[in-house]
Every structure is written in structure tokens, then in C-alpha cells.
Amino acid sequence: MNAPVLDIKNLIVRFATNDGEVAAVSDLSLSIGKGECLGIVGESGSGKSQTFLAVMGLLARNGSVSGEAIYGGVNLLTAGERALNELRGNALTMVFQDPMTSLTPHMKVGRQLTEVLIRHRGVDKTTARNEAVAMLKRVQIPEAERRFDMYPHELSGGLRQRVMVAMALLCGPALIIADEPTTALDVTVQAQILDLIRRAKDELDTAVVLITHDLGVVAGLADRVAVMYGGRLVEIGEVHQIFRAPQHPYTQGLLACTPRLDDPATATLVTIPGQPPNLQNLPSGCSYHPRCPYVMDRCRVERPVLTPGVSGGLKACHLDALVQGAA
Amino acid sequence: MSANLASPHGAALDAAATTEGRSLWQDAWRRLMANHAAVTGLVILVLIALVSVVGPYLLPWTYDEIDWRHVEALPPDMATRHYFGTDSLGRDLLARTLFGGRISLMVGILATTVALFIGVTVGAIAGFVGGRTDQYLMRFVDLMYSVPLTFFVIILMVVFGRNFILMFLAIGAVEWLTMARIVRGQTLTLRNKEFIEAARASGGSTTWIIIRHIVPNVLGVVMVYVTLTIPQVILLESFLSFLGLGIQEPMTSWGMLINDGAAELEVSPRTLIIPAAFMTVTLFCFNFLGDGLRDALDPKDR
Amino acid sequence: MWSYFARRVVIGVPTLWAIITVCFFLMRLTPGGPFDGEAPIPAEILVNLRARYHLDDPLWKQYVDYLISLLHGDFGPSFKYRDFTVTTLIAQGFPVSLQNGFAALVLAIVIGVPLGIVAALAQNTRRDYIVSAAAMTGIVIPNFVMGHVLILVFGVWLKDSFVHLPAGGWDDGAFANRILPVFCLALPYIAYLVRITRGSMIEAMRANYVRTARAKGLPFHTVVLRHALKSALVPVVTFLGPATAFLLTGSMVVETIFQIPGIGRYFVQGALNRDYTLVMGVTILSAALVIAMNLAVDLLYGLLDPKVRYER
């Protein structure tokens with residue numbers, strides 16, 4: 001891997017709630033290379049979104065962070081609002097899950113785009129308008145000129161998500177964080193949005209973090225995949241390795257759950273038994289042990305650390321080698 | 001909880017929802033108990049209600065008894081057993097304050113009960129039956145909203161004379177509008193829930209479903225609104241007393257005592273401050289309790 | 001949008017008519033009348049009086065006559081102030097109430113809304129608690145207690161100091177005579193505005209689009225003022241509609257305490273004296289204002305939320 005764009009070390013994210021403190025992300029280290037696409041996979045509540053909201057300084061008020069997230073020699077976690085604002089929307093951008101609520105309802109789409117250019121590039125209104133319209137065309141919004149002067153509610157969900165992608169691309173970012181960018185969209189629109197992100201990555205050499213619970217999305221786009229469970233990284237590796245030879249029973253379970261087109265119609269859907277963990281009261285040892293088919297006594301007391309797996313990558317599991325195709 | 005975590009606001013991280021076996025009400029109660037302002041409010045309210053109801057029986061003076069030895073406002077005096085002093089007519093201020101509290105609380109609670117009854121009935125019917133019924137009822141509520149209601153209460157009090165029962169009926173009759181709107185909104189969302197459909201599918205009549213399923217489920221919201229309406233009613237009553245349209249002498253309420261005290265403000269501020277303090281503290285407590293209840297029943301709001 | 005607006009205006013007219021009708025019959029059908037004074041009036045004078053005010057006509061005729069004269073802007077003669085018509089009294093009192101109400105409204109918005117925003121942005125910090133507690137105090141302390149206390153402090157205790165203010169009276173609207181009543185009038189509205197603004201601003205700051213705005217690297221004040229504030233103002237406007245109507249029609253309490261010749265005080269005296277025509281006049285005026293203000297609120301929604309413009 002080449003020099004990382006973003007290097008996260010020992011990230012911890014906590015939330016103070018009325019029922020005590022909750023660790024949403026525990027001791028997470030990751031790095032994203034230049035022009036690389038890293039897929040982050042996990043169930044809801046695995047801490048995948050909170051990790052990157054923390055990096056962007058967008059945590060809810062009751063959240064606190066520790067650790068490091070280095071971008072361009074700066075630790076984003078301690079950089080302060082002013083320094084962050086120079087980077088956000090400029091070098092580091094985000095595409096959010098819900099395009100219906102992620103645009104300001106009382107502002108025209110165009111202004112929401114131009115204000116980014118005016119803020120970060122100091123251009124005048126006319127230039128900003130021209131560039132924004134050009135970007136809308138680039139993300140294949142038909143009648144871009146007309147849509148520019150519309151309010152968000154006048155656009156469909158797919159178009160709004162295109163606007164969000166355009167907004168993320170405006171300043172030529174080094175890293176785009178796409179937080180479940182297609183979850184709220186129709187299947188046909190999903191593919192188009194993913195295609196836009198892929199093209200941005202190829203044409204602009206932008207690094208992409210693709211947060212999703214959908215392994216299918218990851219397979220088509222990511223170079224590497226990180227799997228999170230209960231706020232921790234449980235496995236990370238090259239995309240083909242993860243899909244062909246997962247090293248962690250949870251990854252294996254997730255893959256088994258993904259329905260495939262070539263499955264016989266009679267096949268029943270597979271699920272992972274049990275519930276996602278309660279972050280306030282995580283199981284002892286390995287958080288996954290109550291649901292793990294390979295659970296051993298050791299798993300209940302000792303938490304596994306990330307170690308190299310037999311087929312490359314890193315995995316946090318006491319098993320030396322996982323039998324493939326078993327789950 | 002999992003859904004919350006995925007939501008942008010980790011603030012909503014709420015373990016309560018995942019912990020199984022605890023009912024919504026137990027959960028709300030636990031959250032309420034964790035809210036110091038609300039608990040303090042509740043405790044003080046219970047205390048004030050208790051002394052207002054029981055207190056007058058334990059005092060050496062009654063609220064309408066004139067101490068003929070000194071028919072004037074006197075400072076507190078342990079010897080004559082006027083612990084808070086007397087008012088300008090020589091009546092015991094403590095006894096009057098407690099008795100006035102009894103009337104004020106009673107008006108507050110009774111008027112709110114009237115509002116509750118009308119509001120829940122109208123709201124639940126409008127929301128559940130829907131269609132034209134809903135349209136007409138809500139149109140009527142809209143219409144009532146554009147009526148200057150304080151004026152109407154005053155006109156009613158003038159026209160029919162100062163009558164205790166009329167007073168809480170009149171106040172209740174103007175305070176039910178918001179209640180009806182809230183209940184209707186809640187009912188609308190409930191109407192399409194599975195358990196209502198189940199009840200309907202198994203042949204329950206409309207009245208039965210409303211009483212059995214809708215009303216219990218809107219209770220939480222209604223409770224919050226009740227706690228916030230009672231203080232408003234107490235204020236409205238005190239306002240009527242200020243205009244001389246409240247309770248009739250020698251009966252009294254906090255509003256009347258405050259108004260009497262205001263006239264004596266320069267001579268003996270005590271006659272204003274004591275009842276005003278009682279009333280203000282009560283209103284504070286109701287508001288804290290109401291806010292606490294709302295937070296407890298609607299955790300996403302924190 | 002405009003058809004919606006026109007529809008609302010059309011609904012407003014029957015509403016006003018219903019209010020007038022209910023008021024009219026409520027007052028005429030009750031025992032006792034404006035001439036039941038302390039000293040009984042001789043029978044023949046009473047007959048004359050009743051004839052003069054057309055109270056001896058059949059009820060339906062009185063009602064129709066009243067409606068017709070209303071259409072001409074004539075609220076009828078005052079029963080109590082016998083040399084005046086209600087229209088004259090309102091023409092005297094309304095400007096006074098209007099001026100004070102408007103001043104109080106401006107004061108309330110200028111103080112209340114920014115304070116609410118400050119509290120919301122500092123949610124659950126000491127600053128928030130102080131502002132919120134002050135707002136709660138403003139809500140639970142009745143207006144008439146506050147009025148008397150203000151008079152005691154500024155009119156009596158500080159009588160010999162330079163901040164001495166008149167304890168009441170109007171003095172043809174001298175500035176010093178306006179300060180205390182306007183402040184007293186504004187106080188509860190300031191408090192309500194703080195609470196409402198705080199609540200809606202907290203809600204708005206949690207919205208997804210505010211997070212998007214922050215993710216764009218916009219400075220905090222831009223995020224707040226450009227992206228969050230507008231939707232936070234919707235509940236504020238909803239509250240301000242009827243509140244404006246009440247403020248402009250004069251506070252009965254404040255005008256009574258400070259002896260201001262506004263229509264609020266006329267209403268109170270009219271009510272206590274059973275001066276039916278005066279009471280009706282003020283009630284109709286304020287009902288019309290409430291209806292008008294609610295309409296204004298609907299129009300403002302359109303400005304705050306572009307969605308409304310199209311959906312209606």
C-alpha cells in the first residue's frame with residue numbers, strides 16, 4: 001500500500017448517556033491509501049459510521065474521542081473547529097445515507113453547492129455557478145441548469161443523492177467518505193450512484209471510504225474490506241481474500257447471509273443467530289462468542305487481538321485457520 | 001438501539017430499548033426518577049397539596065375568622081399564633097394561604113379534567129374515525145382557536161356571575177383545544193398499527209377500540225400535557241381574581257390573596273410575597289414535572 | 001398558495017360572524033343589565049333609557065340592527081360612558097394599546113429569540129441552565145405580581161434616585177410612562193420566546209442537513225444562521241401570530257395596573273359595568289385581529305418553508 005491519506009490509530013469513541021458511558025468504537029486502527037477504496041462492513045451499531053463521523057468532527061454533542069486520525073500530518077481529532085473547517089468539504093468530504101433529509105429544505109440546491117466553492121476556493125458567484133452546474137452535469141443530472149434553481153423537495157431521492165455526490169466532488173477531495181450512500185435508494189439508482197463514486201475514484205484518484213452493511217456493494221467497488229463488530233475491527237484484508245477465504249467466523253457468517261443470484265430458488269435465507277451486541281454490556285472475551293459456531297472456552301475470557309491470517313490480511317480470532325465453506 | 005446507532009446522532013444511544021423485560025412505563029418511571037428537577041418538583045407538589053388539604057384543620061385560626069383584637073395587617077406573632085401574620089382585615093394569613101391553595105389547586109385540577117375529558121374524546125374520535133368526522137371536528141377546533149378565549153371566559157363570568165362550578169367549566173371549555181389536537185395526532189399514527197388492525201379484524205366496535213386501545217396508548221402524551229395545563233389554569237384563575245371575577249369572599253384563592261396583597265404592597269409586602277411564593281413555587285414544580293415527564297416518555301428528545 | 005389564502009379569508013368571515021352572534025345573544029339573554037346600578041333608577045327613566053338604546057325592540061331586530069351598523073363601522077353607543085359611542089372609545093384606546101403592544105412585541109422578539117438561540121447552542125451547560133431558569137421564572141410569575149413589584153421598586157423605593165419611573169398613569173404617552181408597562185407586557189412573551197426558540201433550535205441543530213452543512217466546512221455561525229435558523233423559526237412564528245393579536249389589543253392586566261387608557265382597560269371596565277356594546281366592540285376587534293394574525297402566520301410559513309408554497 002502506498003502512503004496513507006488517512007491514518008487512524010487507536011481510535012476510541014464514547015457517548016455519555018443517561019444510562020452511563022457507552023463505547024461505540026474501541027481501539028480501532030486503520031489506514032486508507034491514496035486512490036484506494038476501503039469498504040467498511042458491519043451490522044448497525046458496529047461503530048462503522050461513528051468512526052468516520054468522529055474523524056470528521058461531526059459526532060453528536062455527547063460524544064468524545066481519543067486516539068489519532070492523521071491527515072496531511074495533522075491529527076484531525078485534536079485539530080479544532082477552525083482547522084477542520086478548512087479541510088471539511090474541501091479535502092475531506094462526506095456523502096450521507098439519507099438524501100431526503102441531508103439537504104437544507106429551505107435553500108435552493110444551487111446555493112448549497114456554490115457556498116462550498118465560495119467558502120473553500122474564494123471564487124465569485126458567477127464562477128461558482130458555472131462550476132456547480134458543470135459538476136451537476138458531470139454527475140449526470142439531466143437539465144442541470146433548471147435543477148440548479150430548484151428546492152430539494154422538487155427533486156427525486158436519486159437526484160438528491162447525485163447532488164450530494166456533486167457537492168462532495170466540487171473541490172477535488174483527497175478522500176470521500178460515503179456513509180451508506182445507496183441504502184435509501186431504489187436498486188437501479190443504487191448502481192448509478194455507485195458508478196459515480198467509482199468514476200470519481202478513477203478519474204480524480206480520490207480515496208474512498210465506503211461504509212455499508214451490504215457486501216454486494218463492497219464487492220464491486222472496494223480494494224480492501226474492513227469488518228467491524230461491536231465497535232471493534234474483527235477482520236481486514238484485500239477484497240478478493242475476504243470474499244474467498246474469510247478468516248473471522250463473523251465475516252463468514254455475513255457472507256453466508258448474502259443471497260446470491262445463482263442460489264437455487266428453493267434455498268432458505270441464512271441468518272446469523274442471536275442479536276447484535278449491547279454496547280453497554282458487551283460479552284466478555286470475544287464480543288462475538290455468544291453467536292459464534294466455533295466458540296471455545298478461551299473465547300469467553302480472552303479477547304483476541306488482530307493477527308495475520310493464513311491467507312493474508314488481519315483477523316481478531318483465536319482460531320488459527322477457519323474451515324472455508326463451513327458456515 | 002441498533003437503528004439509533006446507525007442514525008447520525010449517537011446521542012440517541014439508548015440501552016434501555018435493548019434491555020428486555022422492562023415495560024415502557026417502568027422505563028419512563030426510571031428515567032423520571034433520574035431527573036432531579038422533576039423529582040424535586042413532584043415531592044414539593046405532594047407536600048403543598050398535603051398541607052393545603054390537611055393544613056387548615058390543624059391551625060388555630062380558620063381562613064374566614066377575623067381576629068377582632070387587631071383588624072389590620074400584622075407581622076407574624078407566635079403569641080397570637082398568627083405564624084405568617086394577618087391580612088388587612090385581621091384574618092390569619094397562613095390559614096388563608098393554605099385554604100387559597102386548596103381552591104387554586106382544585107380549580108386547576110377540575111378545569112384540566114374537564115379539558116382532558118373533552119379533548120381526549122374529540123381528539124380520539126377525530127383521529128380514529130377520520131374522514132368527514134375528522135374534518136368537521138378539526139375545522140371546529142381551528143375555528144375556536146381564532147376566538148379570543150380569555151375574553152370569552154370573562155364574558156361568561158360576567159354574564160353568569162361569579163360561580164365556582166362555572167369557573168372551572170368555563171376554563172376547561174377553553175383549554176381543551178390543544179389537547180384535542182395532540183390526541184388526534186397520536187391517534188392518527190396509532191390507527192395503522194398492527195394491534196389496532198388486529199382488534200378491528202377480531203370485530204371490536206369503534207367505541208371499544210377507542211377506550212380499550214387508543215386511550216391507553218395516548219395516555220403518556222396526555223399526562224405531559226395535563227401537568228403543563230394545570231399551572232396555566234391556576235394562572236388564568238389568578239388573572240380572573242385580579243379582575244375581581246374570581247372566587248367570592250370570604251373564600252379565597254392564591255390569585256385573590258396575591259391581588260389583595262398587591263394593594264397592601266407598600267405597607268406590608270408580606271401579604272403579597274407569601275401567597276405569591278406559594279403559587280410561584282407550585283407553578284415551577286408543575287413545569288419541571290411536565291418537562292421531566294416529556295423527556296422520560298420521549299427519550300429521543302434528550 | 002393564493003387560492004389557499006383566499007379560502008382562509010373566506011372562512012374567516014363566518015368565524016367572525018359566529019363570534020359576534022354568540023356574544024350578542026349571550027349578553028342580551030342574561031338577567032341583569034347595564035342600568036342595574038347601586039341606586040335603583042326610577043321606572044320611567046328606565047323606560048326612556050331602554051327606548052333610547054332600542055332595548056325595547058324585539059331581540060331579532062336588535063340583532064339585525066347591530067349587524068347592519070357593524071357593517072358601517074358603527075359599534076353602537078356605550079351604555080356606561082353615555083356621551084360616547086363605542087367607536088369613539090375604541091378610536092381613542094386602540095392607538096394607545098397598539099403602540100404599547102408593538103413596542104412590547106419588538107422588545108420580546110429582539111430579546112427572546114437571540115437568548116433562545118444562545119441557550120440552544122449551549123445546551124446543557126451552565127449558560128443554558130441560567131437562561132432557561134430565567135425564562136421559566138418569567139412564565140410562572142403572573143403579570144400582575146410583576147407589575148406591582150416593578151411599581152414598588154421603580155416608583156416607590158427608587159423615588160428619589162435617577163432611575164425613578166412613574167408608578168402609573170399615561171401623561172399622554174410620555175416616554176417615562178411607557179417604560180414599565182411595555183417591559184411588563186413584554187416579559188412573559190420574552191420568556192415564552194426563549195423556551196420555544198430554544199426547543200426548536202435544538203431540534204434544528206440535530207437535523208441531517210445541519211450535519212451536511214457542517215461537513216462542508218462552513219463556519220459555525222453560517223451553519224446556524226443560514227441553515228438551521230429558518231426551520232427553527234417555524235414554531236416561533238406559530239406562537240407569534242396569536243401572541244401579536246393579544247399584545248396589540250392591549251393587556252387587560254398591564255393597562256389596569258398602570259392606568260393606561262387602552263382598549264384592554266376599556267374591556268375590563270366594560271365587563272365589570274356590563275357595558276355590553278363596549279365589551280362586544282373590543283371582543284370583535286380582537287377576534288378580527290386574531291384571525292388576521294393567523295392568516296399572516298400561514299403566509300409566513302410559505303416564506304420559511306418552500307414546500308408549503310407548492311403543496312397548498
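Q: When does a residue count as buried, and how many of the 29 residues of helix 12 of chain C are buried?
A: Buried means under 20% relative accessible area. In this predicted model, helix 12 of chain C is largely enclosed by the rest of the structure, because the number of its 29 residues that are buried is 23.

Q: How far apart are the end C-alpha atoms of helix 12 of chain C?
A: Helix 12 of chain C covers residues 276-304. At 1.5 Å a residue, its 29 residues should span 42 Å. The computed distance between the end C-alpha atoms agrees with this expectation, at 42 Å.

Q: What is the secondary structure of chain B, in helices and strands?
A: Read along the sequence, chain B follows a pattern in which α is repeated, α-α-α-α-α-α-α-α-α-α-α-α. The count for chain B is accordingly 12 helices and 0 strands.

Q: Which residues touch the most other members of the largest nonpolar core?
A: The largest nonpolar core holds 146 residues. Its largest share, 14 residues, comes from helix 7 (residues 175-205) of chain C. The residues that touch the most other members, however, belong to chain B: B:I154 and B:I171.

Q: Is B:D134 buried or exposed, and which residue forms a salt bridge with B:D134?
A: B:D134 has a relative accessible area of 11%, so this residue is buried. B:D134 lies in helix 6 (residues 131-145) of chain B and its partner in helix 8 (residues 164-191), so the pair ties together parts that are 50 residues apart in sequence. The closest N and O atoms of the salt bridge are 2.6 Å apart, and the partner is B:R184.

Q: How many residues apart are A:K34 and A:D205?
A: The side chains of A:K34 and A:D205 meet in a salt bridge of 3.2 Å, N to O. A:K34 is in the loop between strand 2 and strand 3 of chain A, whereas A:D205 is in the loop between helix 7 and strand 8.

Q: Why does A:R232 have no salt bridge, and what is the nearest side chain of opposite charge?
A: A:R232 is found in strand 10 (residues 232-238) of chain A and is buried. A salt bridge requires a side-chain nitrogen within 4 Å of a carboxyl oxygen. The nearest side chain of opposite charge is 5.0 Å away, so A:R232 has no salt bridge. That side chain belongs to A:D27.

Key: Residues numbered from 1 in each chain as written. Chains lettered and ligands numbered in written order. Predicted model: local features only at pLDDT ≥ 70, side-chain atom pairs only at ≥ 80, totals over all residues. Heavy atoms only, no water. Helix = DSSP H or I, 4+ residues; strand = E, 2+ residues; numbered from the N terminus. Buried < 20%, exposed > 50% of the residue type's maximum accessible area, 1.4 Å probe, protein only. Lys, Arg positive; Asp, Glu negative; His and termini not counted. Expected span 1.5 Å × (residues − 1). Core = buried A, V, L, I, M, F, W, Y, C linked by side-chain atoms within 4.5 Å.
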